[in-house]
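Subject: Structure handover

Hello,

Here is the structure you asked to look at. Please open it first, then read my notes below.

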Amino acid sequence: MAAAAPISRAQGDLLAAQVEGIEWLFGCWSKRTNSILADEEALGKGIQATGLLGKVYSGNEKGVPNPSLIVTTLGTLSQWSQEIEHWAPQLRCLLLYGSSAVREEKKRTQWIDDSPCCSDDATITRFRFHVLLTTYEHFVAERAILRGVPWECMIVSQAERLKNPESLVMQCLNSVNKNYLLLICNSSSQSIGEKRIFAHMLDPIRFPFSEPATDDMLRGIDKFISERTLRRTSPLPPTINSVEQLMTVELSSTQKKVYSQFLKTFKSTDPHTQLLGLLVNLMKCCSHPWLLPNLEQSSCEGLTNPHDISSLLISESGKLSALDKLLSSTKPEAQVLIISQAERVLDILEDFIIFRGHTYTRGSSQEPEPTIIPFVTLLHANALSSQLPLLHRIDTLIIFDRVLLNNNVRLGFGHNATIYRMVTRNTVEQLIQAQTGLPQDLPEVVSFLQASVDLWDQSMETD
């Protein structure tokens, strides 16, 4: 097991508020004081929680006797994984989700660390991971094994969804053996019911549900919650200069064929089988069909000329074709930033940029300023909020896939800049854009995919 280090500025500069938040959380953990993080979204609660875990496991070179647990919603699972990978890559993170067979395989091969270096004390079970990341649904499904782990930290994301103190998920959360509990919530204020649930989770002995909610108890809960909560607003000026434009594009013929095949799979199978994978594949198809297994190889079969392959790379994707036209009409002296949430998408974009002969750079602004300012900068979405100096000189931002911009990012533009958000017509992307987010649980995924089928069928009727 490689040593886990604290969060590193090599991954990007932290905001002062994030550094303060990490130190506050670390102090709470050190004193075993369960707490609540309720900052505004722009301050990066996930980054702060990741920073806490980085400090907790700093210098841990052997198997982990007390790993940490993050419980979150299905819609934010990948975001948490990306935050950990980007801001604390030394932490080994195990994603426990998927089918029962997939989870069993992970528990069999990625659970216990029985290597010789970890056998110094046979009475201590050591784990292969620092952090286990799972959804609320899978947490409940795996409650038997999770209860037996001595967790160092348990982080409950989007805790405001916990409404019923008698629900199974609440019972499971309260039964977990942990040294420190962190509740992360998005709401700026809680109702009396939410405050009582939070107080009970943070200190179940002091605030049991078996006692009636008297006025004295409620006043005590208010004081207790206030003392245990870090809630800050982002000091943003009221004016945002950047203007976002929705750029709706058509799927290519190949994309339409593949997309339609995926939807037929949803129609013909059990609606509770591999739905998350199906949704991910639909979104990959919307960006570029070559993101899917074997499609690049089959599309390029018989082609040997690199120029023909690069031309096909563009024509196979509606987004890439639209991006090609957009860049060709952009002034050469302009500075364009293209962002994506997937490294593989950035690989495809880089191949495209090289083929067209545009000057470009890929990555953060941590490197020295180039002597020639590039026409295009390619950047992963996770690095966006830490690159405010880069944003300040950008004229055009192109969002290639589903990326949410917070106000800190928008205000990073030092002048009136144009933001293009690329969305494919009559697809899951259009539904996600309309709903401002991914579905959060299994019933929502089923409903969402059915809506995608209906939207696609209607579009085929009108074509």
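How many salt bridges does the rule count? The count comes to 20 salt bridges. A salt bridge here is a side-chain nitrogen of Lys or Arg within 4 Å of a carboxyl oxygen of Asp or Glu.

Before the details, some ground rules. This is a predicted model, in which local features need pLDDT of at least 70, side-chain atom pairs count only at pLDDT 80 or more, and totals for chains, interfaces and linings use all residues. Residues are numbered from 1 along each chain as its sequence is written, and side-chain values use heavy atoms, with hydrogens and water left out.

Salt bridges

Start with E23 and K55. Their closest N and O atoms are 3.5 Å apart. The pair links distant parts of the chain: E23 sits in helix α1 (residues 16–30) and K55 in helix α2 (residues 45–56), 32 residues apart. Helices (H or I, at least four residues) and strands (E, at least two) are DSSP runs, numbered from the N terminus.

Next, E194 and K163. Here the closest N and O atoms are 2.7 Å apart. E194 is in helix α8, while K163 is in the loop between β5 and α7, 31 residues away. Is E194 buried or exposed? E194 is buried, because its relative accessible area is 9%. K163 counts as exposed, at 55%. The cut-offs: buried means under 20% relative accessible area, exposed over 50%, and partly exposed in between (1.4 Å probe, protein chains only).

K107 and E104 also form a salt bridge, at 2.8 Å between the closest N and O atoms. Both lie in helix α4 (residues 100–109), three residues apart, about one turn of the helix. K107 is buried at 15%, and E104 is partly exposed at 43%. Salt bridges that share partners join R103, E104, K107 and E142 into one network.

The sheet

Seven strands form an open sheet. Their order is β3-β4-β2-β5-β6-β1-β7, and the pairing is parallel. Two strands pair if DSSP finds at least two bridges between them. The edge strands are β3 and β7 (229–230), each pairing on one side only. Five bridges join β5 to β6. I155 stands opposite L182 in β6.

In α7 (residues 168–175), the buried residues are V169, M170, C172 and L173. They fall within an arc of 165° seen down the axis, so they line one face of the helix. That arc is taken from the directions from the helix axis to the C-beta atoms.

α8 is mostly covered: eight of its 11 residues are buried. These buried residues pack against β1 (35–37), α7, β6 and α9 (215–228).

The cores

The largest nonpolar core has 38 residues. Such a core is a set of buried Ala, Val, Leu, Ile, Met, Phe, Trp, Tyr and Cys residues joined through side-chain atoms within 4.5 Å. Its largest share, five residues, comes from α8. Apart from it lies another core, of 28 residues, including W290 and L327. In soluble globular proteins, nonpolar side chains tend to be buried together.

C28 is buried at 8%, and C185 is buried at 0%.

Best wishes

Note on methods:
Contact = heavy atoms within 4.5 Å.
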